[in-house]
Amino acid sequence: MELVVVGALVMVAVCLCAGGAQAQLQVGFYDQSCPQAEVMVRDEVGKAVSVNSGLAAGLVRMHFHDCFVKGCDASVLLDSTASGTAEKDAIPNKSLRGFEVVDSAKQRLESACKGVVSCADILAFAARDSVVLAGGSPYLVPAGRRDGNSSAASDAMANLPPPTANVAQLTQIFGRNGLSQDEMVTLSGAHTLGVSHCSSFSSRLYDSNGSRSQDSSLDAAMASRLAQDCPPGSANVVAMDASPNTFDTSYFQNLLAGRGVLASDQTLTSDNATAALVAQNAYNMYLFATKFGQAMVKMGAIQVLTGSDGQIRTNCRVAN
């Protein structure tokens, strides 16, 4: 991969070897076959986020959850069938949001350029557009992904990092996807957007009997606020930081103050190397935004299907 920063845009050329063949993702992949593809996706994302700002976080998270399970092949979009439970119905994915945004974009693209634009590329474009709408820097998205034809909940359970993961576990999970610790910390910064269900961090607040038992790495005042919002067994959600719809560095600032919501976030300050990366991002928005775009592009190239592999789904929820 070659990364070149030009102004506010991240210029990227990605070259992968998939299935023993040379595979290529390209910026401007649809310039000839469907010139308005990215514009149409951006328009649909913009309309959806203007109505529900939380969908920006949802679409970024969905792209992450897609890529970390069998690569960026839109398998997270497939519905369960009588013969098997799909990724989207696995426990870590039950709270995913934004499927209808992808559906709207796909319908529009099928009308304009039938059978051309993959669901996997739509998801990559939508994640980028969501970051920009929330205040992040624009970056160029190489395209040419094709869609997978299978999806299994068990794959999601086996490959997505749990909210209780420690630094060593996170490093292993990101590493097997070709991502460095620096990229791991940077991509974790996506948690500057959105909310978390109380069940994802209740073990930091209560013991197995529901009695208060605070995680020592959690700021006491923050723990009290979270406990107030999340009584034992609560199905509530809480914001990941004070500006859940704005892409900024407050997530990293919170980690430095012991105010990370998830254990898998706060653990980034428990290791000298990752703590230093947290500190670098905390007070340098330009650095964080630039690195984030680069890391998203690299993540978006994990185990992609290209060329004649996979398919271009007509309906993102169903394999052809």
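Reply: One term to begin with: a residue is called buried when its relative accessible area is under 20%. By that cut-off Phe252 is buried, as is Phe288. Keep in mind that this is a predicted model.

Me: Which kind of aromatic pair do Phe252 and Phe288 form?
Reply: An edge-to-face one, with 5.0 Å from centre to centre and 80° between the planes. Phe252 belongs to helix H9 and Phe288 to helix H12, so the pair ties together parts that are 36 residues apart in sequence.

Me: How many aromatic pairs are there in the whole structure?
Reply: A search finds ten. In one of them, Phe247 and Phe288 have ring centres 4.9 Å apart and planes at 5°, so this pair is stacked.

Me: Where do Phe247 and Phe288 lie?
Reply: Phe247 is in the loop between strand S5 (237-239) and helix H9 (250-256), while Phe288 is in helix H12 (residues 285-299). Both residues are buried.

Me: Which residues do ring pairs link into a cluster?
Reply: Phe247, Tyr251, Phe252, Phe288 and Phe292.

Me: Other topic. What lies over the face of Phe99?
Reply: Lys88, at 4.3 Å from the ring centre.

Me: And the protein as a whole, how many helices and strands?
Reply: Twelve helices and five strands. The C-alpha trace spans about 60 × 50 × 40 Å along its principal axes.

Me: What is the radius of gyration?
Reply: 19 Å, which agrees with the value near 20 Å that a compact globule of 320 residues would have.

Me: What share of the residues count as buried?
Reply: 51% of the 320. The accessible surface comes to about 13300 Å², and 52% of that belongs to carbon and sulfur atoms.

Terms used:
Residues are numbered from 1 along each chain as its sequence is written. This is a predicted model: local features need pLDDT of at least 70, side-chain atom pairs count only at pLDDT 80 or more; totals for chains, interfaces and linings use all residues. Side-chain values use heavy atoms; hydrogens and water are left out. Rings of Phe, Tyr and Trp (its six-membered ring) pair if their centres lie within 6.5 Å; planes under 30 degrees apart count as stacked, over 60 as edge-to-face and the rest as tilted. Helices (H or I, at least four residues) and strands (E, at least two) are DSSP runs, numbered from the N terminus. Buried means under 20% relative accessible area, exposed over 50%, partly exposed in between (1.4 Å probe, protein chains only). A charge sits over a ring if NZ of Lys or CZ of Arg is within 6 Å of the ring centre and within 35 degrees of the ring normal. The radius of gyration is taken over C-alpha atoms; the globule rule is 2.2 Å times the number of residues to the power 0.38. Accessible areas come from the Shrake-Rupley method with a 1.4 Å probe; for residues, only the protein chains shown count as cover.
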